[in-house]
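Here is a structure to read with a few plain rules in hand. Each question asks what lies behind a label.

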Amino acid sequence: VLKPGGTLWVSGTYHSIYQCGHALQSLGYHILNDISWFKPNASPNLSCRFFTASHETIIWARKEKKAKHTFNYELMKGGNWSEDKLKKPGLQMRSVWSMGTPKPEEKKFGKHPTQKPLDLLRRIVLASTNKDDIVLDPFTGSSTTGLAAIEHGRKFIGVDLDKNYLDLSVKRFGGFSRNNKLNI
């Protein structure tokens, strides 16, 4: 269902992200960037046998190599990204983003084991879509992607196999007010 100029984002840890990247390339997708999401407040490694995993890799890919994709460069360069301690105002957005894990208020209705922070999904949605675009999340979990999409005037379709997470998504969308302010 992805249009030729459409893009997709895949996030993961070292356990799976390299296989995902290989699979995307094998299917003919063109990788635009890999983003390193640095988590300053990452959970410690409890086994004390490995380095603490303090980042996830996010792959941004386009369906067709020569198609034109959306990249809102000026917004990424000049936007207010105060949640990211590495982003310098007025300079190009780099491929390392420093943002904490989801805030407690983002989990007030419950949580998903791989839940992403709303700030991260806001940036992804704003970077690669325009108002009224359709954002599809086929593994929606607690629907953070959907909240970011709706908040910024995009249409959203979320799919998940787990009814418990779909119920959580409904609760989170219930906190969305008429003036597009999130009360998650």
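Q: What separates aspartate 167 and lysine 163 in helix α5?
A: About one helical turn, because they are four residues apart in α5. Helices here are DSSP runs of H or I with at least four residues, strands are runs of E with at least two, and both are numbered from the N terminus.

Q: What kind of model is this, and how are its residues numbered?
A: The model is predicted: local features need pLDDT of at least 70 and side-chain atom pairs count only at pLDDT 80 or more, while totals for chains, interfaces and linings use all residues. Residues are numbered from 1 along each chain as its sequence is written, and side-chain values use heavy atoms, with hydrogens and water left out.

Q: What makes the contact of aspartate 167 with lysine 163 a salt bridge?
A: Their closest N and O atoms are 3.0 Å apart. A salt bridge needs a side-chain nitrogen of Lys or Arg within 4 Å of a carboxyl oxygen of Asp or Glu, so this pair counts.

Q: Why is lysine 163 called exposed?
A: Its relative accessible area is 56%. Exposed means over 50%, buried means under 20%, and partly exposed lies in between (1.4 Å probe, protein chains only). Aspartate 167, at 33%, is therefore partly exposed.

Q: How many salt bridges does a search of the whole structure find?
A: Eight. One of them joins the side chains of arginine 123 and aspartate 84, at 2.9 Å from N to O. This pair links distant parts of the chain: arginine 123 is in helix α3, aspartate 84 is in the loop between α2 and β4, and they are 39 residues apart.

Q: Are arginine 123 and aspartate 84 buried or exposed?
A: Arginine 123 has 0% relative accessibility, so it counts as buried. Aspartate 84 has 3%, so it is buried too.

Q: Which residues are linked in a network of salt bridges?
A: Lys103, Asp119, Arg122 and Glu151. Within it, the side chains of aspartate 119 and lysine 103 meet at 3.1 Å, N to O. Aspartate 119 lies in helix α3 and lysine 103 in the loop between β4 and α3, 16 residues apart. Aspartate 119 is buried at 12%, whereas lysine 103 is partly exposed at 35%.

Q: What makes helix α4 mostly covered?
A: Seven of its eight residues are buried. Among them are Leu147, Ala148 and Glu151. The buried residues pack against α3, β5, β6 and α5. Contact here means heavy atoms within 4.5 Å.

Q: Why is strand β3 described as largely enclosed?
A: Seven of the eight residues of β3 are buried, so the rest of the structure largely encloses this strand.

Q: How do you know that β1 and β3 pair?
A: Six bridges join them, in the antiparallel sense. Pairing requires that DSSP finds at least two bridges between two strands, so β1 and β3 qualify. Threonine 7 stands opposite arginine 62 in β3. Strands β2 and β3 are also antiparallel, over eight bridges. In contrast, β2 and β4 pair in the parallel sense over three bridges.

Q: In what order do the four strands form the sheet?
A: The order is β1-β3-β2-β4, in an open sheet with mixed pairing. β1 and β4 stand at the edges because each has a single partner strand, which leaves one side of each without a neighbour in the sheet.

Q: Where is cysteine 48, and is it buried or exposed?
A: Cysteine 48 is in the loop between β2 and β3. Its relative accessible area is 69%, so it is exposed. Its phi is also positive, near 60°.
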